[in-house]
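Thanks for coming. I will go through one structure, starting with the whole chain and ending with single residues.

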Amino acid sequence: MKNILVIGGGGYVGTVLVDQLIAENYKVTVYDLFIYGNFFQDDSNLSLIYGDIRNISKIREIVKNYDAVIHLACISNDPSFDLNPNLGKSINFDPFEDLVKICKENGVKRFIYASSSSVYGIKSETNVTESFSLKPLTDYSKYKAMCEDILLKLNDKFFTCTIIRPATVCGYSKRQRFDLVVNILTNLAYNNKKIKIFGGKQLRPNINIFDMISAYIHILNQPKEKISGEIFNVGFENHSVKKLAYLVQESMPFEVDIEKVETNDNRSYHISSEKIKTKIGFQNKKNIKVFIDAE
């Protein structure tokens with residue numbers, strides 16, 4: 001698995017993942033609109049293609065001679081999706097089946113899809129595993145779940161499909177995001193010396209961005225028998241929003257106030273990452289506090 005196409009590789013996770021793939025001597029092509037900028041340095045093992053995931057004819061032109069495809073491209077959170085649901089659907093769902101079929105027809109051996117742990121919706125169980133039913137509460141998570149179904153139907157012995165359900169990612173990227181819960185709280189604490197949390201009891205699984213990209217690379221290196229048609233939760237830290245706020249507060253070198261307000265956001269789930277640990281031996285090495293303290 002040395003020739004990799006990363007669709008959506010110009011985003012928050014993608015920029016870190018691509019840099020690490022290149023550092024490990026993979027040959028990488030990034031297909032992205034780069035609407036937030038291009039943060040890559042020139043490298044002989046890196047090719048950039050400016051393109052829209054909705055442009056299926058262009059996808060058909062460029063998907064040649066890749067060992068693996070990592071699909072990251074999407075409108076990547078609920079508020080952004082809700083601003084224009086039709087746009088969100090046109091990016092997150094409509095082109096997906098055609099894209100996967102093109103990859104399969106052109107001899108791609110592996111396809112890794114970034115879904116989301118938000119597909120579980122509200123769960124009261126202590127540890128939500130990959131076998132639990134999906135109850136997506138938003139269009140964003142609904143289309144993630146629907147893409148999962150499409151991908152698994154196309155999995156076979158020649159085309160190895162793997163789904164990752166990431167927790168909320170935190171940490172530093174050259175293409176930084178400040179709409180993710182730990183990143184939001186850290187930004188507010190550092191710059192405003194005040195954190196506002198909505199609700200607080202909701203459980204949120206999180207993962208450091210270093211571990212997130214390590215999970216993708218770890219899967220690339222697995223025998224296909226271990227990952228074919230498999231779904232893996234990736235999120236080793238489960239805390240309430242309130243606990244996350246306190247972690248951030250304790251890490252600041254000055255006093256930070258916490259204000260709690262009511263919310264109608266009831267999403268709450270506590271995911272188990274035991275499967276990826278026991279089945280293919282992946283374990284996180286970082287944690288939330290590593291990122292906060294680095295600030």
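How much of the chain counts as buried? Of its 295 residues, 54% do, where buried means under 20% relative accessible area, exposed means over 50%, and partly exposed is in between, with a 1.4 Å probe and protein chains only.

Before going on, a note on the source. This is a predicted model, where local features need pLDDT of at least 70 and side-chain atom pairs count only at pLDDT 80 or more, while totals for chains, interfaces and linings use all residues. Residues are numbered from 1 along each chain as its sequence is written, and side-chain values use heavy atoms, with hydrogens and water left out.

Now the overall fold. A compact globule of 295 residues would have a radius of gyration near 19 Å, and the chain agrees because its value is 19 Å. That radius is taken over C-alpha atoms, and the globule rule is 2.2 Å times the number of residues to the power 0.38. Along the principal axes, the C-alpha atoms fill a box of roughly 55 × 40 × 40 Å.

Contacts come next, meaning heavy atoms within 4.5 Å. Take those between residues at least 6 apart in sequence: 76% of them join residues at least 24 apart.

Helix α6 covers residues 139–154, and its 16 residues should span 22 Å at 1.5 Å a residue; the end C-alpha atoms are 23 Å apart, which agrees. The expected span is 1.5 Å times one less than the number of residues. Buried residues in α6 include Y140, Y143, C147, I150 and L154. What covers the buried residues of α6? The cover includes helices α3, α4 and α5, and strands β5, β6 and β10.

Helix α7, residues 181–192, should span 16 Å with its twelve residues, and its end C-alpha atoms are 16 Å apart, which agrees. Its buried residues are V181, V182, N183, L185, T186 and A189. Just after α7, K193 takes a positive phi of about 55°.

Two asparagines also have positive phi. N25 has a phi near 70° and lies in the loop between α1 and β2. N65 has a phi near 65°, and its loop runs between α2 and β4. Are they buried or exposed? N25 counts as exposed because its relative accessibility is 52%, and N65 counts as exposed at 66%.

G107, in the loop between α5 and β5, is partly exposed at 43% relative accessibility. Its C-alpha atom is 7.9 Å from that of F159, 52 residues away along the chain.

N287 is in the loop between α11 and α12, and is partly exposed with a relative accessible area of 30%. Which residues does N287 touch, not counting those up to four places away in sequence? They are N208 and E237. N287 and C170 are 117 residues apart in sequence, with 9.1 Å between their C-alpha atoms.

Key. Helix = DSSP H or I, 4+ residues; strand = E, 2+ residues; numbered from the N terminus.
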